[in-house]
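Dear colleague,

Here is the structure for your files. My notes on it follow below.

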Amino acid sequence: VQLVESGGGLVQAGGSLKLSCAASGSTFSFNSMGWYRQAPGKQRELVASINSGGGSTNYADSVKGRFTISRDNAKSMLYLQMNSLKPEDTAVYYCKASKSTGLGTLRYWGQGTQVTVSS
């Protein structure tokens, strides 16, 4: 399984970006998918997650009301719509997918995409 993020870039504060994550295989098999971010000198943190059917989502308090996570299993895609961006949203954003198997939980990560928000 390969995850490839895209959509990052440089944007002014208050602007919007939409991140995409393309999976090499079907996303139907992933129990959970999510977006994480890591800013320089900080630990990687969960931004948002979504369950297999897309009916349940979870957000970090810092992005609630501004970011929206969604997935399209038919297209094997995961998205993160980011609105009202702030300089503190600057980070490398990573896509993650988890799959439960008889041998445990498998976790996959993308290579990351840079998001820079200027003030």
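In these notes, buried means under 20% relative accessible area, exposed over 50%, and partly exposed in between (1.4 Å probe, protein chains only). By that scale Trp-109, at 36% relative accessibility, is partly exposed. This is a predicted model: local features need pLDDT of at least 70, side-chain atom pairs count only at pLDDT 80 or more, and totals for chains, interfaces and linings use all residues. Residues are numbered from 1 along each chain as its sequence is written, and side-chain values use heavy atoms, with hydrogens and water left out.

Aromatic rings

There are three aromatic pairs in the structure. Rings of Phe, Tyr and Trp (its six-membered ring) pair if their centres lie within 6.5 Å; planes under 30 degrees apart count as stacked, over 60 as edge-to-face and the rest as tilted. Tyr-94 and Trp-109 are edge-to-face, because their planes stand at 85°, with the ring centres 6.5 Å apart. Tyr-94 belongs to strand β9 (residues 91-101) and Trp-109 to strand β10 (residues 104-109), so this pair ties together parts 15 residues apart in sequence. Strands here are DSSP runs (E, at least two residues), numbered from the N terminus. Tyr-94 is buried, at 14% relative accessibility. Ring pairs also bring Tyr-36 into a cluster with Tyr-94 and Trp-109.

Charges over rings

A charge sits over a ring if NZ of Lys or CZ of Arg is within 6 Å of the ring centre and within 35 degrees of the ring normal. Arg-44 lies over the face of Trp-109, 4.6 Å from the ring centre. The charged end of Lys-18 sits over the ring of Tyr-79, at 4.6 Å from its centre.

Loops

The loop between β7 (67-72) and β8 (77-82) holds Asn-73, which is buried at 12% relative accessible area. From there the Asn-73 side chain reaches the backbone oxygen of Ser-52 at 3.0 Å. Ser-76 is in the loop between β7 and β8, and is buried at 12% relative accessibility. Its phi is near 55°, a positive value in a residue other than glycine. Most residues other than glycine have a negative phi. Ser-84, in the loop between β8 and β9, also has a positive phi, of about 50°; Ser-84 is partly exposed at 41%.

Lys-64 is in the loop between β6 (57-59) and β7. The side chains of Lys-64 and Asp-61 are joined by a polar contact of 3.1 Å (a pair of N or O atoms within 3.5 Å; within protein, one must be able to donate a hydrogen and the other to accept it, and residues adjacent in sequence count only if both atoms are side-chain atoms).

Regards

How values were computed: Helices (H or I, at least four residues) and strands (E, at least two) are DSSP runs, numbered from the N terminus.
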